[in-house]
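Work through these exercises with the structure open beside you. Try each task before you read its solution.

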2 protein chains.
Amino acid sequence: MTDRLIYLPLGGAGEIGMNAYVYGYGAAGKERLIVVDLGVTFPDMDGTPGVDLILPDIAWLEARKAQIEGIFITHAHEDHVGAIGHYWERLGAPVYARPFTANIARRKLEEQGHPENVVKVVDPYPHMISCGPFTVSYLPISHSIPESAGLLIDSPDGRVLHSGDFKIDETPVVGDPWDQDLWEEVSRDGVKALVCDSTNVFSDAPGRSEASIGPAITEMMKDASGLVVATTFASNIARLKTLALAAKDAGRSVCLLGRAMRRMTEAATDEGILQGFPSTISPEDALNVPRENLMLLVTGSQGERRAASAQLAQGSYLGLKLKDGDTFLFSSKVIPGNERGVIRIMNQLSEMGVDVIDDAGGKYHVSGHANRPDLARLHEVVKPQMLIPMHGEHRHLREHVKLGNAGGLTGIVAVNGMMINLSGNQPTVAEYIDTGRTYLDGSVKIGAMDGIVRDRIRMALNGQLIVTLIIDENDEPLGDPWVEINGLPEIGNSNAPLVDVIEEDLSQFLNRANDKTLADDDKLEKELKTIARRTAQREIGKKPEVTVIVSRLG
Amino acid sequence: MTDRLIYLPLGGAGEIGMNAYVYGYGAAGKERLIVVDLGVTFPDMDGTPGVDLILPDIAWLEARKAQIEGIFITHAHEDHVGAIGHYWERLGAPVYARPFTANIARRKLEEQGHPENVVKVVDPYPHMISCGPFTVSYLPISHSIPESAGLLIDSPDGRVLHSGDFKIDETPVVGDPWDQDLWEEVSRDGVKALVCDSTNVFSDAPGRSEASIGPAITEMMKDASGLVVATTFASNIARLKTLALAAKDAGRSVCLLGRAMRRMTEAATDEGILQGFPSTISPEDALNVPRENLMLLVTGSQGERRAASAQLAQGSYLGLKLKDGDTFLFSSKVIPGNERGVIRIMNQLSEMGVDVIDDAGGKYHVSGHANRPDLARLHEVVKPQMLIPMHGEHRHLREHVKLGNAGGLTGIVAVNGMMINLSGNQPTVAEYIDTGRTYLDGSVKIGAMDGIVRDRIRMALNGQLIVTLIIDENDEPLGDPWVEINGLPEIGNSNAPLVDVIEEDLSQFLNRANDKTLADDDKLEKELKTIARRTAQREIGKKPEVTVIVSRLG
């Protein structure tokens, strides 16, 4: 059997978030594997109420644990590294990362009680990591977090370039600038496949540099009369620096607030990335600084309920309070789905008299992902034999293939679970793998299709009704059935308590019920449930979720 | 006691949606009242799971039913007329509206079994309606639905202009163009207060006319090779006409799909508004038209799960199916909070190979609300003594006051429940009224603060656990406690069934419990609940909602 080079996305292809990609080389079914990124995505009330974290389903990988040579993390964003602590034990392979990413990965492993020395800190290209049939090298590339990297993945069947998340930024403030020479160099001898970030394929304008927004932010901070609060992703160290330098230029001391802000700047300090970052003051000291000389740099740009932004909007955080005349800057984009939370904070701030400035005009924020013309530029530099879009919803992947086609490239829309054979001249689908999502629910991992969350959603939509009934030793009801409700109106259309009306209907049924029904738990439960739902429908226009508990004596 | 002129928003001020405004004139507490608009807003999974419709709380009005002289509906959008059927009986006053709006209002009254003849069809200005101490006239104004109107409200204390929802559009395709002369005329003798739409106060560019987008849409429809589907709000008759004319110009027959689409075009036909609208074909006939000669005009621009858009994206609707090479146009803006639903449809369409075109560039959609410069223009035309922003979240109202201030106007941020006295030279807060939201939940109206929906949200977040226990005649447990779970993992951290572990812990407690505890229902329930939650926390890292049912024999 001939060896083959495969690509398999388990997360991140067909969605934005939860990145987990697999490459393999070897005989079909016996490939030696490497994993690129192990990220998470975040739950929402619409589809995943009560869930704590959403992870890719790695059952396929777990079943092939012995074939895994290594795990390569491209950068320290949660959607790329967030699952490493939860999954490392199941995969058991060494984890490779550049220093800052490794620092974050180690913290995540430690949190879950795993040995942090499984993380191998690597130098970037031209340093090469030999890993089974692969040779891998980290290619520095600009993004919105320090030390992001694409991967050069050499196999006996040729070279793959995995872009990682990237933008083309020659002046990124912190981190590696776009290095066209490097990408030309690694592409010179021919690239089999470019596996490429698709996030901003619908953004037609060329991307803007991180350095371009500093002056406008400085001006804004100078113009502001009261306290200035700025929020962005804590991991965007470059933006933190842009904001902090602007504050300094505007005569403002900088105070960092929020757990993620502390964790990220600690890691950046550990790894020596914070050079040129203005010194910051503690929240206690900030209380003594005049408002017009202070900037708070806070977490919660996505409206997260417990973050510093939300707490400030609700009153105070560590004794710091906003008031009329202060300014709050969202130096960030709202991720689709988070609008309600962000708008809630904006209105709370408005009620306090705080001026809110958001990214409406693009003056105070630039994206960390390559826009359409910059994607075309990378295609042009790399000139791959095939283009495999990743890091996008279906519509992004499809549009990215179209963009590649327009530039003369062959491409394929490969979504989670589609194993692609890269060995031929064209990418072909080798297999379809069952994939999905795993929920971290409290401390337990559950499958997205287990029905547990579905049951919770049903209770949220329909309310819940409990019927208890005791049957005596002679298979006769002992007393009347008892009804309790949760999340349902107490009074229905007949103006009587809903539970009374349902109990009455259930009692009448029991009076009529024959011995056979009373002796049969399943039948009895089914009938009681049907009656309860029918009566509820009549009384309140809703059919609740019903739990029937029949207790038999003796 | 002197008479006073009051303004009281019960909905729509501090939110976008659920408009309900009250004006009154008379001695304090004895004012004769008119109501302007009675709208609804829509529930979402985040805060109102399972709710069918959200209505303003009109308890204050209901308690003053005898003081209400009339209900004036400015236009037929759901956020202005949607509650009329649900509330008319409680208010009992005549309803005034222009013909198209009246048509829609009558349908809503009829649906709820109310006499439709309570709706009085009115002519616009200079026709005057005498209503208690008020004289009211409908001022035609352009918006995204036919026959929108502002209101001229004359009182003994002066004239109020209530803008209604509006934009400044001189070529609105359907409906009344902006009539500067009219608004100058009614403002000539002095306006006490301008109560004004604030929706687009953050949009800095001047608004664009509905007529401006026709050519681009025609071009797009000509360029499209397969079937074209377009979606927008069904009530936007002008947009439907723009889209249908573009289709006709591109050689495409037009087929309308979706219940709201039928209802709105029926009402428009009834009222003679559809002149110049191309003839349409039925869904049955559409099946026989070549794809390149067909356009479907469908409901569901906000990603609503049961609308025609969603059904087409999931496979088919009335036998019509989309396929590779078709085009789907969102001629609409996504209302914040609806992003997830719209994106889901976009990706489903992408999976079918359908090209999705959205409003990203503003080429195929214009807003129905006045942008900032147009608001300033209305201020300038009306030159009111005071500006009262409405139809906006807090941030919109506040920004709108600032805009007014910049133009030399006095303004006040008046949110729901703030009764404003307009009689003096400055607007002042007269009273704070308890307001809120009423939920239509199935067929029952419940209060937003009743805790019913809160309980449903808790079950969705935490899952639900039921403990049943039978206590015998001697106050001794009869058998073991029984546990059932809903929406919780079956197996916890100790790898045993969760219900078994909890039942064991409960049994141990009962074995230890003294007679006093066993005889006291409240104490027993509290203890059982605490233990169940503690064990669940240990086993699954979650504290579920717990219902304890103790049945006592004898």
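A salt bridge is a side-chain nitrogen of Lys or Arg within 4 Å of a carboxyl oxygen of Asp or Glu. Keep that cut-off at hand. The model is predicted.

**Exercise 1. A pair in chain B**

Task: Decide how B:R372 and B:D204 are paired, and find where each one lies.

Solution: 
- Step 1. Take the closest N and O atoms of B:R372 and B:D204; they are 4.0 Å apart.
- Step 2. Apply the cut-off: a salt bridge needs the nitrogen within 4 Å of the oxygen. B:R372 and B:D204 form a salt bridge.
- Step 3. B:R372 sits in helix α12 (residues 372-382) of chain B, and B:D204 in the loop between β13 (193-197) and α6 (214-223). The two are 168 residues apart, so this pair links distant parts of the chain.
- Step 4. Check the cover. B:R372 counts as partly exposed, at 22% relative accessibility. B:D204 counts as exposed, at 58%.

Why can such a pair form at all? Side chains of opposite charge can pair when their charged atoms come close.

**Exercise 2. Arginine and aspartate in both chains**

Task: Describe the pair A:D326 and A:R291, then look at B:R291 and B:D326.

Solution: 
- Step 1. In chain A, the side chains of A:D326 and A:R291 meet in a salt bridge, 2.6 Å from N to O.
- Step 2. A:D326 lies in the loop between β19 (320-321) and β20 (327-330), and A:R291 in the loop between α9 (283-286) and β17, so the pair ties together parts that are 35 residues apart in sequence.
- Step 3. Now the cover. A:D326 is buried, at 1% relative accessible area. A:R291 is partly exposed, at 25%.
- Step 4. Turn to chain B. The closest N and O atoms of B:R291 and B:D326 are 2.6 Å apart, and the two form a salt bridge.
- Step 5. B:R291 is in the loop between α9 (283-286) and β17 (294-298), while B:D326 is in the loop between β19 and β20 (327-330). They are 35 residues apart.
- Step 6. B:R291 counts as partly exposed, at 25% relative accessibility. B:D326 is buried, with a relative accessible area of 1%.

**Exercise 3. A covered helix**

Task: How many of the eight residues of helix α3 (residues 84-91) of chain B are buried, and which are they?

Solution: 
- Step 1. Count. Six of the eight residues are buried, and the helix is mostly covered.
- Step 2. Name them. The buried residues are B:I84, B:G85, B:H86, B:Y87, B:W88 and B:L91.
- Step 3. Go past the end of the helix. B:G92 follows α3(B), and its phi is positive, near 70 degrees.

**Exercise 4. Charge on the surface**

Task: Which residues gather in a patch of negative charge on the surface?

Solution: 
- Step 1. The patch holds A:D179, A:D181, A:E184 and A:E185.
- Step 2. Pick one of these, A:E184. A:E184 lies in helix α5 (residues 180-187) of chain A.
- Step 3. Check the cover. A:E184 has a relative accessible area of 33%, so this residue is partly exposed.

**Exercise 5. The whole picture**

Task: Sum up chain A, then count the salt bridges over all chains.

Solution: 
- Step 1. Chain A has 17 helices and 31 strands.
- Step 2. Chain A has 554 residues, and buried residues make up 60% of them.
- Step 3. Along the principal axes, the C-alpha atoms of chain A fill a box of roughly 85 × 75 × 45 Å.
- Step 4. The structure holds 60 salt bridges over all chains.

Definitions and conventions: Residues are numbered from 1 along each chain as its sequence is written. Chains are lettered from A and ligands numbered from 1 in the order in which they are written. This is a predicted model: local features need pLDDT of at least 70, side-chain atom pairs count only at pLDDT 80 or more; totals for chains, interfaces and linings use all residues. Side-chain values use heavy atoms; hydrogens and water are left out. Patches are made of residues with over 30% relative accessible area and no salt bridge: like charges are joined within 9 Å, nonpolar side chains (Val, Leu, Ile, Met, Phe, Trp, Tyr) within 5 Å. Accessible areas come from the Shrake-Rupley method with a 1.4 Å probe; for residues, only the protein chains shown count as cover. Lys and Arg count as positive and Asp and Glu as negative; His and the chain ends are not counted. The place of a charge is taken as NZ of Lys, CZ of Arg, CG of Asp or CD of Glu. Helices (H or I, at least four residues) and strands (E, at least two) are DSSP runs, numbered from the N terminus. Buried means under 20% relative accessible area, exposed over 50%, partly exposed in between (1.4 Å probe, protein chains only).
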